[in-house]
Amino acid sequence: MTGTEQRLAAIRGDAPPKRHNARTIAALTGNPGCTRRAVLDGAGVDKPALAERIGFPARFGQSRFAITRGNTFEAQVKADGGAELLRLVAERLGVPVPAAAHWTDLGGGDDLADRARRSATLLTEALPPTGSHSDEPAGAGEPSPVGEPAALFDHPMLGLAVAGQRVHLEPDLVAARLGGRFHVVEIKSFPVIDGQADPAKLAAAAVQSAVYVLALRELLTARGHDPHLVSHEVVLVCPRDFSNAPVAHLLDVRRQLLVVRRQLDRMDRLDTLLVDVPADFTADPAADPAILAASLTRVPARYAPDCLASCELAYFCRHEARGQTGALGRPVREALGGIADVDEVLALAGGETVTDPERAEAAALLRTAARLRADALATA
Amino acid sequence: MSTLRALAAAQAVAAGLAQPVATVRHLHLSRRPLVLVPLAMAGEANAPLAAMVGSAPGEGRLLIVPQPRNRDQRFAFAAELAAIVLPYIDGHRTANEAVAVDRGRDVRYRYLDAPQLLVPNPAGVTFLRLLGRSTRFRRADGEYPVPPQVPLLGRWLTFFAERAEHPGSSTLVAMTQALTLHWATGQSAVEDLHLPALLGWIAPPAGLSGAEAAARAEDPSSCPPAGPATDPEFDNRLLAPAIEAYAAADDEATRVEAYAELERLLRDQLTPTWELMWRGLGLLRALPPGARVAGRWDGDRDAFTAHADHLDSDGAPQPRRDGAVAAAARLHRLERAAATYAVQRAYDDPLVMAEYRLTGEAFVGEVLLADPTRVDDSGRRPVLRPRIQLLTTDPVLAPVGVTLTSPSRPGQKARLVFVTPTADGKTEVVLELSGGMGRGLTASPGSVPEVGERLCYTTLSDAYVPGAAFPTADETPWTHGGPPASAAAAPDEQWA
Ligand code: SF4
């Protein structure tokens, strides 16, 4: 164990690190500036347990109905050795539907590293060595000189470096190798009605897919292959309209790839962040709640209302951010001239003299706003 | 987010109570609105689970779907809902009025009143839109027949959902949106989507601050979500076993019992929201309506009349997607409506106008001098052009020469002639008036502002702007989406 790993284990407590999945990594792009989250997620802390312990339980419960529906749909799409899935994917990519495809289930087994190795070997086995693809091919469906047969890989175990740490991704995807390229295939049970899906769900699916594309590309690179053998076009398979019939859509995730990549690059190496974290910092859910809460407050957070949908610690951080304009949302804070503190906003609005010249403009704005508001309320 | 609204939110945080951001009500409220609280089955494509619906607090009818994945039961639900919604709609088709069109050369008729649907939140609007989408193409004959009122309900729900996108329409209203139009809470916009928390901020129960009431409202076990999504805990712990028990019932007595249990569970989930809807309505009703609200409601009555006429004549369902011309025309209509709505709210409400005063698009000043008899004889004919001078403390950013209007004198134009800053940071403004003063060279009494009056002038214009012309569908080349192909969904489209 390196010093950093020891440090993280100490922060986390006795438990093994929580596994990452594409969702948790996608969530990292949501609040990039939050040190608290970077440290907790980097250490693999059981955040739901932590939140519960300090009296601010997260509410990310999933309905049984939704889980059942998701599983049923996925099973239906993957039935018959993926024959239907293969047809959907091939047709959407505009390549001839292969008569058959290898179906390899890479799931199962407990040792993560083992699984990752097995995935890597099988995924890259039939690929030509690097150099045979000079540039990214023009179209996704471009026939490739590589003649290896079509193959579907279910549950490949992929990894990514997150904040200086290697994490394994819970595999919730199918990688399709078709026409010489890999495509990430995501099966989601939210419907696409008249060509439109719930924008929030679609956006989340796109970022998660980008995480997989990135991880697959890293895997190829590490094995000496051209990363662009993995397409930036992701195949999203969803139920169509109000039926159970699956329909495939292509999703260009280039923008999301940049966002995820930038975020992973930008996330300071965890050891740099840890320098500023107090030596006795603990997030061990077994520790005393009061100690935990006090400990957490010593690592800076950056709460925003988006946290409510993306981080298990949101209710704790929201409570801590009471009285901050940012807790009302960034647009509110900006409309208040960027002043962070509600009390200060009201003081400036009430005409308190400003000493800081940088605040003069905001103060003038707030003073005028307060005068106009009072005036309108009085004359109404 | 305007600075004034943000400031109100900051004040709400400090006060622990929501703060007004409007002094009048900006939407029409029907005397008998139909309140509809829908619940959907998690994970499914808009599968109805239950609804509470009615037009008076004590008349909430509960509809449930004991097996939400069952296609026939879904349509049975739609039929039951239709049996409430359609008579409610028809009740507004009794009396009409003649409206002059084409400069009085013709008349058309519109219903004196129109239906109004209230749902808890925007997700409720989406639920109705999708329910409309899934039912309007159904047929009473053919391979998958449904009760005849089901496709009719679908066409009406689609109409309501389309009106909901029209800025300023009050045909289908999401309660959370109606409330946040009038109050700013000390929480964020996402949190305001939760009706119980929002109402907690606006009208907390005695002994609690708004912030405390909102915090309580976040516990789904004591305060169920306002739908259509249910609380996952509720699904897993109570609903799933009850649905299973119903499915497993093999004799009539057990089935009746299981059904009653499902009803009880769903009623418990819906009743709190049902009550909040009427409380929200009460709060809104207590506000006096803005002067231009009735005019916008006329537009809703027009749209209602037109749709009713359409259903009476051929009644084809709305297409799945608009053609290119229809989409462009619709966008144009919505943009115009949005602009008009923004101006009208400012005209109706000094607190909304204050936002424009802050940005220099409006100012309020006191009349210092008035020359009501001033005549401009530089042209071919002498014309009455009184001038007034005002003193304002507001910033005046409008350029000289621009035409301003006062919301209290909308028929009169005021040209900005001079803008002179004074030594004490105020601004003197000279305006030249035209229109609204009667004929001749003498202003009719009261038509020129008098010394000492306080007036608001703004660059915002409430004047009618004619819309752009779009080709009819038949005149549209096929490259732009016309003539229209039948965009109907296949009648055998599954709903399972
Ligand atoms: S909830 Fe707290 S820890 Fe999580 S991202 Fe937001 S601020 Fe950071």
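Leaving aside neighbours within four places in sequence, which residues is Asn236(B) in contact with? The views below take up this question, starting from the whole chain.

This is a predicted model, in which local features need pLDDT of at least 70, side-chain atom pairs count only at pLDDT 80 or more, and totals for chains, interfaces and linings use all residues. Residues are numbered from 1 along each chain as its sequence is written, chains are lettered from A and ligands numbered from 1 in the order in which they are written, and side-chain values use heavy atoms, with hydrogens and water left out.

**View 1. Chain B as a whole.** Chain B holds 13 helices and 17 strands (DSSP runs numbered from the N terminus: helices H or I of at least four residues, strands E of at least two). Its C-alpha atoms fill a box of roughly 95 × 60 × 40 Å along the principal axes. Of its 496 residues, 50% are buried (under 20% relative accessible area; exposed is over 50%, partly exposed in between; 1.4 Å probe, protein chains only). Take contacts (heavy atoms within 4.5 Å) in chain B between residues at least 6 apart in sequence: 68% join residues at least 24 apart.

**View 2. The interface of chains A and B.** Here 56 residues of chain B are in contact with 47 residues of chain A. The two chains bury about 4200 Å² between them, 64% of it on carbon and sulfur atoms (accessible area, 1.4 Å probe, lost on being put together and summed over both parts).

**View 3. Salt bridges and the elements of chain B.** Ten salt bridges are counted between chain B and chain A (a side-chain nitrogen of Lys or Arg within 4 Å of a carboxyl oxygen of Asp or Glu). One of them pairs Asp375(A) with Arg357(B) at 2.9 Å, N to O. Elements giving two or more residues to the chain B side include α3 (122-135), α9 (232-248) and α13 (350-358). α1(B) gives the most, with ten residues.

**View 4. Asn236(B) at chain A.** Asn236(B) sits in helix α9 of chain B. Asn236(B) is partly exposed, at a relative accessible area of 23%. Beyond its neighbours within four places in sequence, Asn236(B) is in contact with Gln62(A), Ser63(A), Arg64(A) and Pro241(B). Its side chain reaches the backbone oxygen of Gln62(A) at 3.1 Å.

**View 5. Asn236(B) and Arg163(B).** These residues are 73 apart along the chain. Their C-alpha atoms are separated by 36 Å.

Definitions and conventions
A polar contact is a pair of N or O atoms within 3.5 Å; within protein, one must be able to donate a hydrogen and the other to accept it, and residues adjacent in sequence count only if both atoms are side-chain atoms.
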